[in-house]
Amino acid sequence: QYTALRAKLAAFHGVDGARVVLAASASEFIFRTSALHALHRGQGVCLPPHHYGDYAQAAQAWGLPKASAADAALLWACEPSSPLGQQQVDLAAWVDGLRVGQQLVLDCAYAPLRLSGAPSLDAAQMDRLWQLYTPNKALGLTGVRAAYAIAPRDANAELLARVRLLAPSWPLGAHGVALLQAWARD
């Protein structure tokens, strides 16, 4: 269950440990989340203009059609964006416009590498969405795979349980655990 690691990551972010979901990598979490929406929601996916290719690949693999932010059940965002390193246009509007049944996942892979500017979301808005972290880039260890997500504060317990059930039985090896432990240290 990675109880100690989840508690350490939760303390690092100042959230309840039940909200932390571990993943083998960002790509694994992207495919897992897409699978969940395809199997249980069956609606479209909204992609930002510039994005990590796995968002679209996972949507295609699971038969999720592209949709607008207003119509999609699953919305992907990345800030700072890849590859431009900028704020995502309309991200705050996406968060404020979320309706019941919609899930917004914010890919935070490049947040620790932000050189200028401020995030476009405040703490209350961040608490309304999924936050996906992959600290291997910021730590200069791109070959080491380990990631985690923080569920929304009011995440549906059934949805959170399904996200966990779709995970591999042993998502992190010792190297991934060490990476995430180091990430959450002073």
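Visitor: What makes the pair of Ala-24 and Glu-28 a polar contact?

Guide: The backbone nitrogen of Ala-24 lies 3.0 Å from a polar atom of the Glu-28 side chain. A polar contact is a pair of N or O atoms within 3.5 Å; within protein, one must be able to donate a hydrogen and the other to accept it, and residues adjacent in sequence count only if both atoms are side-chain atoms. The 3.0 Å of this pair therefore falls within the 3.5 Å limit. This is a predicted model: local features need pLDDT of at least 70, side-chain atom pairs count only at pLDDT 80 or more, and totals for chains, interfaces and linings use all residues. Residues are numbered from 1 along each chain as its sequence is written, and side-chain values use heavy atoms, with hydrogens and water left out.

Visitor: Why is Glu-28 called buried?

Guide: Its relative accessible area is 17%. Buried means under 20%, exposed over 50%, partly exposed in between (1.4 Å probe, protein chains only). So Glu-28 counts as buried. Glu-28 lies in helix 2, residues 26–40. Helices (H or I, at least four residues) and strands (E, at least two) are DSSP runs, numbered from the N terminus.

Visitor: Which residues does Glu-28 touch, leaving out those up to four places away in sequence?

Guide: Ala-23, Ala-167 and Pro-168. Contact means heavy atoms within 4.5 Å.

Visitor: How do you know that Leu-166 is partly exposed?

Guide: Leu-166 has a relative accessible area of 36%. Leu-166 sits in the loop between helix 6 (157–165) and helix 7. Together with Leu-39 and Trp-62, Leu-166 forms a nonpolar surface patch of about 280 Å² accessible area.

Visitor: Why does Leu-9 count as buried?

Guide: Leu-9 has 0% relative accessibility, so it counts as buried. Leu-9 is found in helix 1. Beyond its neighbours within four places in sequence, Leu-9 is in contact with Val-20, Leu-22, Tyr-148, Leu-180, Trp-183 and Ala-184. The C-alpha atoms of Leu-9 and Ala-184 are 6.0 Å apart, though 175 residues separate them along the chain.

Visitor: What makes a set of residues a nonpolar core?

Guide: The members are buried Ala, Val, Leu, Ile, Met, Phe, Trp, Tyr and Cys residues, joined through side-chain atoms within 4.5 Å. The largest such core here has 31 residues; Leu-9 is one of those with the most contacts inside it. Helix 7 gives the most to this core, with 4 residues. A second, separate core has 24 residues, including Ile-30 and Trp-76.

Notes: Patches are made of residues with over 30% relative accessible area and no salt bridge: like charges are joined within 9 Å, nonpolar side chains (Val, Leu, Ile, Met, Phe, Trp, Tyr) within 5 Å. Accessible areas come from the Shrake-Rupley method with a 1.4 Å probe; for residues, only the protein chains shown count as cover. A salt bridge is a side-chain nitrogen of Lys or Arg within 4 Å of a carboxyl oxygen of Asp or Glu.
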